[in-house]
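Here is a short note on the model you asked me to look at. The points can be read in any order.

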Amino acid sequence: MGNQSVLLVGADNLAERAAAYKRLLPTDAIAILKPDSSDESRNTFLGVPVAHDWPDDDAVVADIAGDIASRSFSARHALERGGRAIIHPPLGDSLANAEAILAAAGGSARVALPIHYTHKYEAAARSARSGIGDIITVRAIRIFPPTQVWQQSFFHLVESLVMLGGPLRRVYARAAALKSSTTDTVFCNGRYANDAIFYGEMSTAYPSQYSKEVIEITGRDGMVEYDSNARSFWLASENGISLTEAYHRTPYEKMAAAYLQAWETSAEFAASLPDPLPVIRSFWAAIKSIEDNEVVSI
Amino acid sequence: MNIGAISFDHGHQNGYVSAILELPSAQLVAAADPIPEQLQSMQAMLAAHPEAPDVKVFSDYHELLALDEVEAVSICSANADHAQMTIDAAQAGKHVLCEKPLCITLEEADAMIAACRNAGVVLCTAYPCRFAPVAWQAKQRVDAGEIGDILAMHGTNHLRPFTEGWFIDPQRSGGGTIRDHIVHVTDLMRWFTGKEVVEVYAEGDTLKRPHIAVDDVAILVETFEGGIMASTDPSWNRPENWSKWGNVYLRLLGTRGMIEFEITGQALVRTEAKSGAISSIDTSESMNYYLLKDFCETILAGRSPLVTGEDGRAGVAAVLAAYQSIAEGRPIRIG
């Protein structure tokens, strides 16, 4: 690995992201850009140096989270310097912005849009491609602890639906702030391009000890189903019951490893969407449906 | 309580007959169906029963209604016949347990409710899921405030596809999986929240078996009074060798917690090596038993049943809104 640093931008899941890169790079090859403006007296986080200004490196490799507007700004900053950027979804604060970022990057080679839990959804989609006939319905449900940017969780839901059943044709979505000051729950349904029907549910409003991930693909001749609570790791204590998944490497660690490998070899980032625009367009169509309470064609 | 069973078009009638045979407060006295073969399961149950009652059998249900000893009837015909049979039974002075969905149109529902009210007889919609032990316990916990106020719900009711019979004849069924299944989930959601559905957006189609004339897959996103979010998957999209039955599942998010349950989730699974058949055997207490028990106690005590004709009407309203949503491609307001 060269001498350039990976710059972590934004405080979303910072501990997991920093830990993932620290395992793969020398500690001083990572920097965090202003993770917490209220605590600038700190100059390290988990032993990682905190940078207060964008570095002057010729080739910046950035892992960008944070609020949506600053993601776009940071992405353009990295790309204009000829760098590579892994940008946590959604890519920009509008469809036009996302398209502009992709255009500025000259395609997806320098911009990575990480996919969540790739292995599970890819396995389900692969399994559904043979033996169950034409897909007729897809259900994807993702109930997780709160995140700082709800659009990121919802984007991953849309991405999952597209991965499982193909491009969406139309979407209807409803969102609400059920237990917090910002949106924490989204229900959506609609049609795939091939007429199959989908349902997606994202919620961060459930009790912290509860999580659930459901993947269900039905076809004319069979079905594929996954329920995290039926197959997950259970921990019961006096404080309650914890449901989680058991990993050898967390999704962040796998993502970081794939990203750094792509950086070293100048290859495509394997954990990114190869063609992100259909997902991005579906995501913004769902956002419009939420705003207007109407069905939106894609 | 002397009960007559009218029509075995819907297989649920056999479950209700079984419950009647077990109930100390009920007696099966007559059965009517124009198709003799549809009575075979009932006759087998009677043959196996140690104290089998003497059940009069008719091909025309009007003859059953003419019997003075019949005090109440269980109607399990094709959906399109529910209204006329219920009105005839009410006019004959018989209390009515009517299979879900209550009927096809809201006008029929209003006529059924009015006929029973005018005759002074009970009209109960057969929503047995309210009587499943897990649903009952969940309701008690919700009513005790254990999860706070309900904010969001997701429910399912799945089945293997129907490929023949009145279920896929739109003239007799009034529709497919939406007509058949959302009424169970919608009723549970209404029961748990005490709120009505106010808006429905539905996607539905005939995709599992494209040759049939009714919808077999659907997914609904609904809004209840107070802005409660809900969604329902009622599809007949399971494979023919699917081991479960019903998959009536509900997940409730409240202000202080959550509950999820599946009515038929705790079942024995039986696998046969030679045939490859996999089947599940429900091990919970019979929800049909408690449905019939409540029906009989309602009549004997002169009180209102747990599930009324109005509850059946609300299910029909949700069904009609879903079909209108599909036809017009937009969310539909109810009421």
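1. Basis. This is a predicted model: local features need pLDDT of at least 70, side-chain atom pairs count only at pLDDT 80 or more, and totals for chains, interfaces and linings use all residues. Residues are numbered from 1 along each chain as its sequence is written, while chains are lettered from A and ligands numbered from 1 in the order in which they are written.

2. Chain A overall. Chain A holds eight helices and 16 strands. Helices (H or I, at least four residues) and strands (E, at least two) are DSSP runs, numbered from the N terminus. Of the 298 residues in chain A, 48% are buried (20 or more other C-beta atoms within 10 Å of the residue's own, with C-beta atoms placed from the backbone). Contacts here mean C-beta atoms, placed from the backbone, within 7 Å. Among those in chain A between residues at least 6 apart in sequence, 62% join residues at least 24 apart.

3. The sheet. Seven strands of chain A make an open, mixed sheet, ordered β13-β12-β8-β11-β10-β9-β16. Strands pair if DSSP finds at least two bridges between them. The edges are β13 (222–227) and β16 (296–297) of chain A; each has a single partner strand, so one side of each lacks a neighbour in the sheet.

4. One strand pair. β9 (residues 168–176) and β10 (residues 185–192) of chain A run antiparallel, joined by eight bridges. Tyr172(A) sits opposite Asn189(A) of β10(A).

5. Helices on the sheet. Helix α8 (residues 277–292) of chain A lies across β9, β10 and β16 of chain A, at about 50 degrees to β9(A). Axes are lines fitted to C-alpha atoms, for helices over the stretch in contact; angles run from 0 to 180 degrees between N-to-C directions.

6. Chain contact. On chain A, 29 residues are in contact with 26 residues of chain B. β10(A) gives the most to this side of chain A, with five residues. By class, the side of chain A that touches chain B has 14 nonpolar, seven polar and eight charged residues. Ala, Val, Leu, Ile, Met, Phe, Trp, Tyr, Cys and Pro count as nonpolar, Asp, Glu, Lys and Arg as charged, and the others, Gly among them, as polar.

7. Domains of chain B. The assignment gives domain 1 (2–121) and domain 2 (130–287 + 316–333) of chain B; such bounds come from an automatic or database domain assignment. Their contact takes 12 residues from domain 1 of chain B and 13 residues from domain 2 of chain B.

Key:
Two residues are in contact if their C-beta atoms, placed from the backbone, lie within 7 Å. A residue is buried if 20 or more other C-beta atoms lie within 10 Å of its own, exposed if 12 or fewer, and partly exposed in between; C-beta atoms are placed from the backbone.
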